[in-house]
Protein chains: 2
Amino acid sequence: MIQITDAHKVVKVEDGTITSPKGFVAGGLHCGLRRSKKDYGLLMSVQPASVAAVYTQSHFQAPPLKVTQESIASSQKIQALAVNSAIANACTGKEGLVNAYKMRSLIAERYVVPEDYVAVASTGVIGQQLEMDKIEHGSMNVQPSKEGDHDFQKAILTTDTCEKSACYQLEVDGKTVTIAGAAKGSGMIHPNMATMLGFITTDAKIESEHLQYALSQSIDKSFNQITVDGETSTNDMVLTMANGTIDHQDLTPQHSQWEAFQKTLQLVCEDLAKQIAKDGEGATKLIEVNVTGALSDEDARAVAKKVVGSNLVKTAVYGVDANWGRIVGAIGHSDAQVNAENCDIYIESQLVFSNGTPCSFSEDQAIADMSKETVMIHIELHEGTGSGTAWGCDLTYDYVKINASYRT
Amino acid sequence: MIQITDAHKVVKVEDGTITSPKGFVAGGLHCGLRRSKKDYGLLMSVQPASVAAVYTQSHFQAPPLKVTQESIASSQKIQALAVNSAIANACTGKEGLVNAYKMRSLIAERYVVPEDYVAVASTGVIGQQLEMDKIEHGSMNVQPSKEGDHDFQKAILTTDTCEKSACYQLEVDGKTVTIAGAAKGSGMIHPNMATMLGFITTDAKIESEHLQYALSQSIDKSFNQITVDGETSTNDMVLTMANGTIDHQDLTPQHSQWEAFQKTLQLVCEDLAKQIAKDGEGATKLIEVNVTGALSDEDARAVAKKVVGSNLVKTAVYGVDANWGRIVGAIGHSDAQVNAENCDIYIESQLVFSNGTPCSFSEDQAIADMSKETVMIHIELHEGTGSGTAWGCDLTYDYVKINASYRT
């Protein structure tokens, strides 16, 4: 049980998946884009679902993102989501757009749903056209079911080393609502295998407009706060479907359990985001940076992200080196309001820097703390009450190996 | 001879150093902060010189920067500059500030110049106090001379693998004016050996106010356009002294040779900046990114810096991989106005991406081009007439090694 607001607790469902919320089915198969791994997935709701999505901030948005945005703008509902891995369908010009439309219409025809009830997503190599005969094969042969959850969750991966899913439950009007998600990362992993994708399902009853509001709030504190190498892809997308299968009062910001719902959605996003960061290219450790005492939450998140994104901090964590000087460097480099004389830095529970000067601390303890799977850095700025967190991973020889040895 | 404006040419003086301009002397010695390498340097002008400087944008400015800023604000002239390596005197609190003042007064007393004619700079480990007996030993024993140029240029280095200097000459009112500089880098090289320092001398006659204007213009297109790992140090400083030894008309923006002077100063800055980028931590190659057709010069510089700073582009260059997808990713990630359908990307002379899609190109030629010591990437945005350049280096196993293996 996790206390999320004064009045509410949520339960983490340890083996929950994308099909745990009522009325969702999924499937995945090998359609032939990859050598042998699953590369085509389909997620469906038993009825049209409210939908919310956020997309990459890159100037280069891939065709599938354009088609999905068009579907959502037109219908405000989504019933099916088709995803392929291996080929990103990015930087593919007009032909790429035609192919993304075709990928959508194949599912619309097969399941007799309006085209604008279908979303599409792709991830993989940039600059190659989709092989449409294989996409068609996938569309025709995928069999979504409650038990197809892991097949779907595997089909969306590229060079990820593991499936990523999260599931939480809360009570709304005395009824159990489930929110679950699946994701793939991990930053700009393998060269052009760029994308971060997140798909979230819930059986809650909520209009798209309010779902979008809840999602946007959650994203700022989760997916937008992770960094593997500071890169943004052409295909990043997080899409949420709420099919209203559970019969509670419509969730709006006026509902007494609105905050609990939003925070649970945020928990799902945060859980997935941390799994992505931890599975970063060549990563051996998750780094979590908590900033408190900032002038605003935005400032706190900016400082946290600057520190967790610093190549020097990342290599120090890899080297199990309590190198507070690099943390100071990264804080100083941020746009937030910071006063050198006032800030405290902790590595796990040890104060290593305070009042503008280093503190004496146990190097042995620091080595033990930094040898853990998750390394916690806490920064207190003493400027206000803003707080925020960011997650990342260490920078290792394997990062260079993965990214330098491709194609050569 | 380099044509810098329609009417002017400048000459690069191949073996020129910081003491090539008339009326400057320098020296360096081992004062004991490092094991055996030179660690204390002094640069002097025969007469008080006009001065201009720019400092790190970090929120954490080290004490020597504060003292130097105070000297310049008080006198608008500088006659001596004392520098130590090994210890940055950063994050050292009140004691650090007292020590920086002491480092200044030692030189003022020894050479009988006003304290506010003396600037100080430090580079090295953060969080340690200067050992003042050694600084005093350096101050008393350093012997600046015309021939002490290389001793000075060596004394300011930390983990740099080579001295960095540049020297150019131009004609002003028919007389030869020399501008020279020395620098140390290379980004946040060895862990806390953070700093980028640049010192420029010239025998030109120019008021501090105008020199500051010329320097600030030059910095934006040189030192501010290099990146090794995106980090900013607590001690970064570029300081320029102009002692007016050559008897031409005062240089002001109204002087007919103003533009030639400013561009020559910029050449010196650019030359030093490129040497720093090339000597980046573990680097094997210099990367130069030229952006044309941007909406503004600022946009062009922003795109260039985003591309040259991308870990994925840097590892691709290390891996000799013509991976235009990563360049696209970095361009898309910038804040500049960019249209995916319009931009062209060249690696050396080969067009690899155009009209939003990849071009066919010779992989063999690309491998040959990317195996050179300097790899050129050219991006045409087709948005306007803005242009800009940035320099960086590849990301290698040695970068991780240097930064992860310290202290452990």
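## How the two chains meet

Let's start at the interface: chain B and chain A bury about 4800 Å² between them, with 58% of that area on carbon and sulfur atoms. Buried area here is the accessible area (1.4 Å probe) that two parts lose on being put together, summed over both. This is a predicted model, in which local features need pLDDT of at least 70 and side-chain atom pairs count only at pLDDT 80 or more, while totals for chains, interfaces and linings use all residues. Residues are numbered from 1 along each chain as its sequence is written, chains are lettered from A in the order in which they are written, and side-chain values use heavy atoms, leaving out hydrogens and water.

In terms of contact (heavy atoms within 4.5 Å), 61 residues of chain B meet 61 residues of chain A. Across this interface there are zero salt bridges, where a salt bridge is a side-chain nitrogen of Lys or Arg within 4 Å of a carboxyl oxygen of Asp or Glu. One residue pair is in polar contact there, both at pLDDT 80 or more. A polar contact is a pair of N or O atoms within 3.5 Å; within protein, one must be able to donate a hydrogen and the other to accept it, and residues adjacent in sequence count only if both atoms are side-chain atoms.

On the side of chain B that touches chain A, the elements giving two or more residues are α8, α9, β15 (357-358) and α11 (397-404) of chain B. Helices (H or I, at least four residues) and strands (E, at least two) are DSSP runs, numbered from the N terminus. The most comes from α9(B), with seven residues.

## Two domains in chain A

Chain A is split into domain 1 (2-277) and domain 2 (286-404), with bounds from an automatic or database domain assignment. Their centres, taken over C-alpha atoms, are 31 Å apart. Each domain of chain A brings 16 residues to the contact. Together, domain 1 and domain 2 of chain A bury about 1300 Å², 55% of it on carbon and sulfur atoms. On the domain 1 side, Q225(A), T227(A) and K274(A) lose the most area to domain 2, together 43% of what that side buries.

K274(A) also forms a salt bridge with E288(A), and the closest N and O atoms are 3.9 Å apart. The count between the two domains of chain A is one salt bridge, alongside four residue pairs in polar contact, both at pLDDT 80 or more. From domain 1, the elements giving two or more residues to this side are β10 (226-227) and α6 (258-278) of chain A. The largest share, three residues, comes from α6(A).

## Two positive phi angles

Most residues other than glycine have a negative phi. C91(A), although not a glycine, has a positive phi of about 55°. C91(A) sits in the loop between β5 (77-84) and α2 (93-111) of chain A, and C91(A) is buried, with a relative accessible area of 10%. Buried means under 20% relative accessible area, exposed over 50%, and partly exposed in between (1.4 Å probe, protein chains only).

V320(B) is not a glycine either, and has a positive phi of about 50°. V320(B) lies in the loop between α8 (311-318) and α9 (324-332) of chain B.

## A buried alanine in chain B

A214(B) is part of helix α5 (residues 208-220) of chain B and is buried, at 0% relative accessibility. Not counting residues up to four places away in sequence, A214(B) touches W258(B), F261(B), Q262(B) and L265(B). A214(B) and T264(B) are 50 residues apart in sequence, and 9.9 Å apart in space from C-alpha to C-alpha.
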